[in-house]
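The sequence and structure are shown first.

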Amino acid sequence: ILLDDVQCLGNESFLLDCPYDSSTIDCGHFEDAGVACLPSPGECTSGDIRLIGGSNDIEGRVEVCVLGQWGTVCDDGWSQQNAKVACNQLGIDGAALARSFGYFGAGAGPIHMDNVDCVGDESSLFNCSFTADHNCNHFEDAGVTCGLEIQCEDGAIRLVGGDDETQGRVEVCSLGFWGTVCDDLWGVDDAAVACKQLGLEYTGAVAYGSAYFGVGSGPIVLDNVGCTGNESSLFDCVYSPTHNCVHFEDAGVSCGSASCNNSDVRLVNGFTDYEGRVEVCLNGVWGTVCDDFWSTNDAVVVCNQ
């Protein structure tokens, strides 16, 4: 350890021009000093934004300027609303598509923003709620594609990938783009509302998860949907506009009338009418019973019914 108690004024040309002590060293290497050399002030103006790594000028990794230095934005909570604000700040008209997971490549330098939460009408990303601290790496750098043609009317819904128009992956329109619904908490009441919104029979609606009708693409618009069943649109239900999902969790639905009456019971695949797999009717749909704790007493009740 060569130097201790270094006390530069800041205008010296060399470190050894500063006052220091080299005779009495009372340090260990766990006290080794370091430095981060920042670009000269004026590289950019705080609040500026730019797009890097895209195939043209209207898409790329979002980088923002803080204290004269460019840095990236973490994709935690990165949404269509955030993308819209970024594109508007750049003066680019049209619809905006949010990109995550370092879609345009990993950046370098500081990560300036995390958990960005825009309403969508702000004039700058810095007018949105965000945190300056982060728990991210650059493979989570957020990006955006601006200037796209609007695909659909906000709030619309469609089914994709099913055998007919009454079933499929649920896709909803948000900020001009079709996107999917994550299957977290997705249930029968949510499925019924989706069918009702489509004008289809909903009393026997069946909810599907795990991308049963195939994986979608584009944004994941809704997560943790919590309908009561009385709503007329999925957007009237409780939901989270941010998510922790990937497309193999896309939700789906099958619409139709109830195929059975609630609490009905039947026996399936037995050798006679008096035996078989126990199936019960719930919300108009036949389903099975798990054998955890299944006992003779349970069997007696089934047979009596």
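## Basis of the description

A residue is termed buried when its relative accessible area is under 20%, exposed when over 50%, and partly exposed in between (1.4 Å probe, protein chains only). The model is predicted, and local features need pLDDT of at least 70, side-chain atom pairs count only at pLDDT 80 or more, and totals for chains, interfaces and linings use all residues. Residues are numbered from 1 along each chain as its sequence is written, and side-chain values use heavy atoms, with hydrogens and water left out.

## Salt bridges

A salt bridge requires a side-chain nitrogen of Lys or Arg within 4 Å of a carboxyl oxygen of Asp or Glu. By this rule the model has six salt bridges. Helices (H or I, at least four residues) and strands (E, at least two) are DSSP runs numbered from the N terminus.

Glu-171 is buried at 6% relative accessibility, whereas Arg-158 is partly exposed at 32%.

Glu-279 takes part in a salt bridge with Arg-266, where the closest N and O atoms are 2.8 Å apart. Because Glu-279 lies in strand β16 (residues 276–282) and Arg-266 in strand β15 (residues 265–269), the pair ties together parts that are 13 residues apart in sequence. Glu-279 counts as buried, with 8% relative accessibility, while Arg-266 counts as partly exposed, with 34%. Glu-279 also meets the side chain of Arg-277 in a salt bridge (2.9 Å, N to O). Arg-277 is partly exposed, its relative accessible area being 36%.

## Largest pocket

On a 1 Å grid over the protein atoms alone, a pocket is an open set of points with protein on both sides within 12 Å along at least five of seven lines, and its lining residues have an atom within 4 Å of a point. Grid points are joined across faces, edges and corners, and a volume is the space filled by probe spheres set on the points. The largest pocket has a volume of about 740 Å³. Its lining comprises 32 residues, of which Trp-78, Ser-100, Pro-219, Ile-220 and His-243 lie nearest the centre. Two or more lining residues come from each of α1 (80–89), β4 (95–99), β9 (167–174) and β12 (220–226).

Ala, Val, Leu, Ile, Met, Phe, Trp, Tyr, Cys and Pro count as nonpolar, Asp, Glu, Lys and Arg as charged, and the others, Gly among them, as polar. The lining of the largest pocket then has 15 nonpolar, 12 polar and five charged residues. Ile-220 is located in strand β12 and is buried, with a relative accessible area of 10%. The C-alpha atoms of Ile-220 and Gly-179 are 5.3 Å apart in space, although the two are 41 residues apart in sequence.

## Second largest pocket

The second largest pocket holds about 350 Å³ of space. It is lined by 15 residues, and Leu-3, Glu-31, Asp-32, Ala-33 and Gly-34 lie nearest its centre. By class, this lining has eight nonpolar, three polar and four charged residues.

Technical notes:
1 Å grid on protein atoms, 1.4 Å probe; cavity = no way out; pocket = protein on both sides within 12 Å on 5 of 7 lines; lining within 4 Å.
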